[in-house]
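Open the model in your viewer and keep the selection panel at hand. The tour goes from the whole chain down to single side chains.

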Amino acid sequence: MEPKLTTIRSEIEKHLSRSGHNLASFAKISGLNRGSLSAILHGNPAKPISLGQLDAMTRAFGFPEGWLYPLYVEECFTDERVSRRRIEPFLVKCAEIGKVQCIEEVLRRLMEYPRPLDIIYRVAERLFASGKVQEAAIFYQLIVENEPDGSSERMAISKYRIFMSLQSTPDMDKEQALRAVISFEPYRGLLPEEMQLDGLLKLAKVCFALHRWKDVEQFADELRALASGIYREELRRSKGRRSEPFRAERPLVVYYGHGYLLKASALTKQGEYEQAKRYTAGYADLSWFELMDDEGRSSVESFKLFAVANGFTLELLMGNTSVLPSYLAFLSENPGEILSGMVIIMESANRFGFSADAVMARFSREMLRFEQFQDTINVDRVYRLYYQIAIYYISRNQCARGIDYIIHCLSLTIRLNSGKDFIDCVTLFELNREYASAAQQSAYRELMREVRQHEEITVDDGQRFGIV
């Protein structure tokens, strides 16, 4: 005799019997209708169970959330059909509470039915809209792998959502960031305009962190052109009868200003200082921008601040050291700019030979806090600052202090998985090895062993990663 098949209804009946409840008493404690319970358990055919009803029964029995979810999969597939009313909330809930096996089983079976991607996409969008970015990514990935039209808007949005989910990964290194850019970049133009703005801004910022300056320029140019076109259309709309304004994640002036800011920054990194000055002027005063809300006006003030800071940067990099006292006063008033400002000051000190001892002494307390940064952009800035400080001390015959900074830089390149920067540090150490103490050489060897063990540093021809 074959064993009786376990079903969701047989489990409910079993626990009803064990708990001593009848339908009336169980309906009362679960908050469900007695007639609905009867139809679910004894109907012929049995009435399907909604996810809300199942969760109510689970709570009434005192079991943990998702107790009968593995058996609920069958409720989503009845009479050779897919029940969207049950399958979509079920997949969302499984993603939220981590029922991975249930998701895998539903998706495996769902792919055998017509138009499964419609359901999967709606589930992904519901999760994404509720802030479940990582949970949504697995559904978007399934769309990317199975979408028949590679140039569809759904494909582009799925690629974009995956790109966003990767950006929210706290420990993503440079190699992973580059792969994310390469995967999403071809689809940016297929997005709706409001998403294109966000996509271009995020692409430009990631490429900035990767030191891919030409890519930053390209995305900044596209961002500026798109924002300008939308702005002109919005001005016309505001004077006409159209009532629905353009909606994006941020105010339109944010994208417009960043188109200039990122372009100027990329030109600065490439030594094109005069061109960078022209683009800096483009975001220095955006008070003329119409159709702004409070967030937009606040952003205009931020751009004004960035323009002042970057104006000092350009002057220093061009050798105008007379601005240094004013720049130091500016940094003291704006402590959030101290890290990036010190990178520029140390680079200029090394380039033009002036002393930066007083600068380091002035901001020594702030420098101690730099170690607290965890995000890739600021960790990269800390690396660039320490690398310049290492060069500064070595060039002034304070090799022991410089080598301490080299060793610290090496540990940061391992953390960032930045092969080009790693090579720069190794080269600088080897050129000054004779001045390293026994303790410094031991620390250096220990870092080399760590790299050897993990073998994660990506070394290429220098095109992938660059040094500022």
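**Whole chain first**

Show the cartoon: the protein chain has 24 helices and two strands. Remember that this is a predicted model.

Now switch to C-alpha atoms. Along the principal axes, they fill a box of roughly 90 × 70 × 40 Å. The radius of gyration of the protein chain is 30 Å, whereas a compact globule of 468 residues would have one near 23 Å.

Next, draw the contacts. Take those in the protein chain with a separation of 6 or more: 65% of them join residues 24 or more positions apart.

**Into the interior**

Hide the surface. Of the 468 residues, 50% count as buried. In soluble globular proteins, nonpolar side chains tend to be buried together.

Select Ile-12, Phe-90 and Phe-139. They belong to the largest nonpolar core, which has 99 residues, and they touch the most other members.

Stay on Phe-139 and show its surroundings. Leaving aside residues up to four places away in sequence, Phe-139 touches Leu-91, Ala-95, Ile-103, Leu-107, Ile-120, Val-123, Ala-124 and Leu-127.

Last stop: select Leu-317, Ile-345, Phe-363 and Phe-370. These are among the 57 residues of a second, separate core.

Conventions: Residues are numbered from 1 along each chain as its sequence is written. This is a predicted model: local features need pLDDT of at least 70, side-chain atom pairs count only at pLDDT 80 or more; totals for chains, interfaces and linings use all residues. Side-chain values use heavy atoms; hydrogens and water are left out. Helices (H or I, at least four residues) and strands (E, at least two) are DSSP runs, numbered from the N terminus. The radius of gyration is taken over C-alpha atoms; the globule rule is 2.2 Å times the number of residues to the power 0.38. Buried means under 20% relative accessible area, exposed over 50%, partly exposed in between (1.4 Å probe, protein chains only). Contact means heavy atoms within 4.5 Å. A nonpolar core is a set of buried Ala, Val, Leu, Ile, Met, Phe, Trp, Tyr and Cys residues joined through side-chain atoms within 4.5 Å.
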